[in-house]
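Here is a short report on how the parts of one chain pack together. Look at the structure first, then read on.

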Amino acid sequence: MQLTIQNLNKTYPNGVQALRDVSLEIPTGMYGLLGPNGAGKSTLMRTIATLQDADSGTATLGDIDVLKDKDAVRRVLGYLPQEFGVYPRISAQEMLKHLAVLKGIPGNRQKEVVDALLQRVNLWEHRKKSVSSYSGGMRQRFGIAQALLGDPKLIIVDEPTAGLDPGERNRFYNLLSEIGENVIVILSTHIVEDVKELCSNMAIIHGGQVLYAGTPEASLQALSGKVWNKVITKAEIGDYTGRFGDRLISSRLVAGKPIISVFSDSDPGDGFAAANAGLEEVFFSKINGVA
Ligand code: ADP
């Protein structure tokens with residue numbers, strides 16, 4: 001099964017063009033959709049999840065026409081939105097059972113399915129508590145449990161690790177990495193580390209456009225030997241960013257010191273040293289239009 005998106009466009013009534021000719025081929029496995037805030041990730045995710053319409057373009061999931069046959073998509077979709085509402089009074093177990101009913105899971109299987117999911121996401125001990133009392137990490141694990149109801153073939157998780165502390169984030173990574181091989185999991189995120197840890201394929205989007213699609217390795221390979229770093233002083237930042245202009249990958253603080261990172265086929269001199277490109281450099285070089 002593959003999700004194929006072709007020439008998707010979306011302009012909101014306020015004139016913001018959130019998707020510009022987006023085309024992607026998304027195979028099974030974990031797929032990272034990486035982009036800064038406002039890139040268009042949620043718009044794309046909501047469109048695939050049949051929650052809003054695109055202006056033009058097509059999307060197919062196996063033999064399902066995603067934009068037209070919404071019911072068929074919903075039968076195979078698990079979706080963890082950026083924010084989901086919960087009822088304060090009912091327990092996680094009851095809430096999941098309620099969602100199992102909505103998913104059409106037969107009555108005689110609901111308890112078994114719900115209990116197995118609660119154990120799988122490590123919330124069994126907390127099943128009697130209300131989701132509204134959960135910590136951020138527990139809430140996201142509950143979100144995965146509800147997304148897994150009904151054995152979905154396409155799972156969409158929108159910015160799932162924003163707001164989690166490092167321990168919670170790790171537990172969440174482990175949980176996501178255990179989702180079956182034969183499922184498409186799209187992880188939308190602005191956090192480079194999410195993609196680095198989990199994804200075998202990725203796309204970088206910015207301003208509604210796809211700037212890169214492929215494996216993380218190939219993107220790193222393309223930058224190999226072309227990233228040069230230099231530690232500068234705060235007073236020099238303006239001078240360097242001006243001077244390197246369209247070759248500037250990033251200027252950021254590392255251990256309190258500004259480090260400037262530039263793209264160059266050969267040694268730019270001036271005290272720059274060859275650096276190992278990581279996915280951060282790929283991300284910044286794409287969104288800053290450097291490489
Ligand atoms: P991301 O998920 O990458 O942060 P979004 O898809 O939420 O990006 O937003 C993409 C762009 O579309 C942003 O400029 C955002 O302000 C705008 N946008 C999102 N939703 C709406 C909406 N319902 N109406 C108008 N503009 C919107």
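## Helices H3 and H4

Helix H3 (residues 92-102) and helix H4 (residues 107-120) have axes that come within 10 Å and cross at roughly 125°. H3 and H4 are therefore oblique to each other. Angles under 35 degrees count as roughly parallel, over 145 as roughly antiparallel, 65 to 115 as roughly perpendicular, and the rest as oblique. An axis is a line fitted to C-alpha atoms, for helices over the stretch in contact, and angles run from 0 to 180 degrees between N-to-C directions. Helices (H or I, at least four residues) and strands (E, at least two) are DSSP runs, numbered from the N terminus.

The crossing of H3 with H4 is right-handed. A crossing is right-handed if the near helix is turned clockwise from the far one by less than a right angle, and left-handed if anticlockwise. Gln93, Leu96, Lys97, Ala100 and Val101 of H3 meet Gln110, Lys111, Val114, Asp115, Leu117 and Leu118 of H4. Contact means heavy atoms within 4.5 Å. By class, this contact has 6 nonpolar, 2 polar and 3 charged residues. Ala, Val, Leu, Ile, Met, Phe, Trp, Tyr, Cys and Pro count as nonpolar; Asp, Glu, Lys and Arg count as charged; the others, Gly among them, count as polar.

## About the model

This model is predicted: local features need pLDDT of at least 70, side-chain atom pairs count only at pLDDT 80 or more, and totals for chains, interfaces and linings use all residues. Residues are numbered from 1 along each chain as its sequence is written, and side-chain values use heavy atoms, with hydrogens and water left out.

## Helices H5 and H6

Now take helix H5 (residues 136-148) and helix H6 (residues 166-177). Their axes come within 9 Å and cross at roughly 15°. That makes H5 roughly parallel to H6. H5 passes H6 in a right-handed crossing.

On the H5 side, the contact uses Gly136, Gly137, Gln140, Arg141 and Ile144; on the H6 side, it uses Glu168, Arg171, Phe172, Leu175 and Leu176. These residues divide into 4 nonpolar, 3 polar and 3 charged.

## Two open sheets

Strands of a sheet pair through backbone hydrogen bonds, either parallel or antiparallel. Here, two strands count as paired if DSSP finds at least two bridges between them.

Strand S1 (residues 3-11) and strand S4 (residues 56-61) are joined by 5 bridges. Asn9 stands opposite Ser56 in S4.

Another open sheet has 4 strands in the order S12-S13-S11-S14, again antiparallel. S12 (248-254) and S14 (273-274) stand at the edges with a single partner strand each, so one side of each has no neighbour in the sheet. Strands S11 (residues 227-231) and S13 (residues 257-263) run antiparallel and share 5 bridges. Val231 has Ile259 in S13 as its bridge partner.

## Helix H10 and its neighbours

Helix H10 (residues 279-287) lies across S11, S12 and S13, at about 130° to S12. Which way does H10 lie relative to H8, roughly parallel or roughly perpendicular? The axes of helix H8 (residues 216-223) and H10 come within 9 Å and cross at roughly 75°. That makes H8 roughly perpendicular to H10.

Pro216, Ser219, Leu220 and Leu223 of H8 touch Leu279, Glu281, Val282 and Ser285 of H10. The residues in this contact divide into 5 nonpolar, 2 polar and 1 charged.

## Two domains

The chain is divided into domain 1 (3-216) and domain 2 (221-287). These bounds come from an automatic or database domain assignment. The C-alpha centres of the two domains lie 34 Å apart. Their contact takes 12 residues from domain 1 and 6 residues from domain 2.
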